[in-house]
Amino acid sequence: MVRGKIEIKKIENVTSRQVTFSKRRSGLFKKAHELSVLCDAQVAAMIFSQKGRLYEFASSDIRNTIKRYAEYKREYFVAETHPIEQYVQGLKKEMVTMVKKIEVLEVHNRKMMGQSLDSCSVKELSEIATQIEKSLHMVRLRKAKLYEDELQKLKAKERQLKDERVRLSLKKTIYTHLCQVGERPMGMPSGSKEKEDVETDLFIGFLKNRP
């Protein structure tokens, strides 16, 4: 008699479900044992029932099998990590490196400011003093350069003012000379010449229409 195909779905009847679980579990463990013997494979199987009870089978020590599985999965996931995850991991490592560099620079900066020197040796203090002297020398050179540039600007401004003064003085001399010889300087308004004769009449009495 040929068995009919069983629909794979949850068995609603509790008794039938427990019977099926027991039979299928035994069959699964039997197949696992046969596979380990026939193929010389390391096989392990674990099943938790609906109530949480553990059933297990292992062709060798199950703890060694689980440990081997964990090591394999860790190597597998590291090798198959998504490119974005790899990028994020790289950023995290870079961030840790940068934080350490910042901490080192902050310590160095405090020492350059004369702070946290208790842990410094004589050699370290000598190196710090040398660096400070070099930095101070560079600051003084830069300061002198800025003073020199400012002085050059002031000298250029002074020459410009002197040239303007000479130009105004020459213009004044020409103007005075022209006035002395009786010529009207260019640009001088015509009202500055001798007043032209204007006919005027003096009339005493009532106003009448004049011819």
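This tour moves along one chain, naming what to select at each stop and what is found there.

**Before selecting anything**

The model is predicted, so local features are taken only where pLDDT is at least 70 and side-chain atom pairs only at pLDDT 80 or more, whereas totals for chains, interfaces and linings use all residues. Residues are numbered from 1 along each chain as its sequence is written, and side-chain values rest on heavy atoms, with hydrogens and water left out.

**The whole chain**

Colour the chain by secondary structure: it holds 4 helices and 2 strands, in the order α-β-β-α-α-α along the sequence. Helices (H or I, at least four residues) and strands (E, at least two) are DSSP runs numbered from the N terminus. Of the 211 residues, 8% count as buried, where buried means under 20% relative accessible area, exposed over 50%, and partly exposed in between (1.4 Å probe, protein chains only). Among contacts (heavy atoms within 4.5 Å) between residues at least 6 apart in sequence, 17% join residues at least 24 apart.

**Helix 1, residues 14–39**

Select residues 14–39 and begin at the N-terminal end, where Asn-13 caps helix 1 through a side-chain oxygen 3.1 Å from the backbone nitrogen of Thr-15. The end C-alpha atoms of helix 1 are 37 Å apart, which agrees with the 38 Å that its 26 residues should span at 1.5 Å a residue; the expected span is 1.5 Å times one less than the number of residues.

Now show the side chains of Arg-25, Phe-29, Ala-32 and Ser-36, which are buried in helix 1. An α-helix has 3.6 residues a turn, so residues three or four places apart point the same way. The cover over the buried residues of helix 1 includes strand 1 (44–48) and strand 2 (54–58).

**Asp-40**

Step next to Asp-40, which follows helix 1 and lies in the loop between helix 1 and strand 1. Its phi is positive, about 50 degrees, although Asp-40 is not a glycine. With a relative accessible area of 71%, Asp-40 is exposed.

**The hairpin**

Select strand 1 and strand 2 together: they run antiparallel and are joined by 5 bridges, pairing being assigned if DSSP finds at least two bridges between two strands. In a regular strand the side chains alternate between the two faces of the sheet. In strand 1, Ala-45 and Ile-47 make up the covered face, while Ala-44, Met-46 and Phe-48 make up the uncovered one.

Follow strand 1 to Phe-48, which stands opposite Leu-54 in strand 2, and then into the turn, where 5 residues lie between the strands and Gly-52 has a positive phi of about 95 degrees. Ser-49, in the loop between strand 1 and strand 2, is buried, with a relative accessible area of 17%. Leaving out residues up to four places away in sequence, Ser-49 touches Phe-21 and Tyr-55.

Continue to Glu-56 in strand 2, which counts as partly exposed at 44% relative accessibility. Its C-alpha is 4.3 Å from that of Met-46, although Glu-56 and Met-46 are 10 residues apart in sequence. Beyond its neighbours within four places in sequence, Glu-56 is in contact with Phe-29, Ala-45, Met-46 and Ile-62.

**Residues 144–171**

For the last stop, select residues 144–171, where an unreviewed UniProt entry places the feature "coiled-coil region"; such annotations may be inferred rather than shown by experiment, feature names are shortened, and the positions are given in the numbering used here. In the model, residues 144–171 are 100% helix and 0% strand, with end C-alpha atoms 41 Å apart.

Definitions and conventions:
A polar contact is a pair of N or O atoms within 3.5 Å; within protein, one must be able to donate a hydrogen and the other to accept it, and residues adjacent in sequence count only if both atoms are side-chain atoms.
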